[in-house]
Amino acid sequence: MIRNLEEEIVVRLKWRAKANGRSLEGEFRVLLSDAATDPLEVKRADFTTFAEEFQAQLEGDEHTPSELLVRESRESDHRV
């Protein structure tokens, strides 16, 4: 247990631990681990997962090569 912690915080942490099916010590471990996790690493992992899922959804679809789209855009009068 952490010393000099306000009783209200202890009560809320105990409730949170119970709601998550963990001991108070287990809840502390999770909270400290989450606090020590690099947010950029989490975002990178989330993006990688998203990209892989998106790529899987596009598998087998026919797509216009980007160089053709760029060429069409350059040749048109309607530049964006």
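This is a predicted model: local features need pLDDT of at least 70, side-chain atom pairs count only at pLDDT 80 or more; totals for chains, interfaces and linings use all residues.
Let me begin with glutamate 27, which is found in helix α2, residues 24–36. Helices here are DSSP runs of H or I with at least four residues, strands are runs of E with at least two, and both are numbered from the N terminus. Residues are numbered from 1 along each chain as its sequence is written, and side-chain values use heavy atoms, with hydrogens and water left out.

Is glutamate 27 buried or exposed? Glutamate 27 counts as buried because its relative accessible area is 0%. The cut-offs are under 20% for buried, over 50% for exposed, and partly exposed in between, with a 1.4 Å probe and protein chains only. Setting aside residues up to four places away in sequence, glutamate 27 touches Leu13, Arg16, Ala17, Asn20 and Arg22; contact means heavy atoms within 4.5 Å.

One of these contacts brings me to the salt bridges. How many does a search of the whole structure find? The search finds four, where a salt bridge is a side-chain nitrogen of Lys or Arg within 4 Å of a carboxyl oxygen of Asp or Glu. Glutamate 27 pairs with arginine 22, and their closest N and O atoms are 2.8 Å apart. Arginine 22 is partly exposed, at a relative accessible area of 32%.

Helix α2 also holds glutamate 25 and arginine 29, four residues apart, about one turn of the helix. Their side chains meet in a salt bridge of 2.5 Å, N to O. Glutamate 25 is partly exposed at 48%, while arginine 29 is exposed at 55%. Salt bridges that share partners join Arg16, Arg22 and Glu27 into one network.

In helix α1, residues 7–19, glutamate 8 and arginine 12 are likewise placed four residues apart, about one turn of the helix. A salt bridge links their side chains at 3.4 Å, N to O. Glutamate 8 is exposed, since its relative accessible area is 52%.

I close with the nonpolar surface. Phe47, Phe50, Phe54 and Leu58 make a nonpolar patch of about 410 Å². Patches consist of residues with over 30% relative accessible area and no salt bridge, joining like charges within 9 Å and nonpolar side chains (Val, Leu, Ile, Met, Phe, Trp, Tyr) within 5 Å. Accessible areas come from the Shrake-Rupley method with a 1.4 Å probe, and for residues only the protein chains shown count as cover. Leucine 58 lies in helix α3, residues 39–58, and is partly exposed at 31% relative accessibility.
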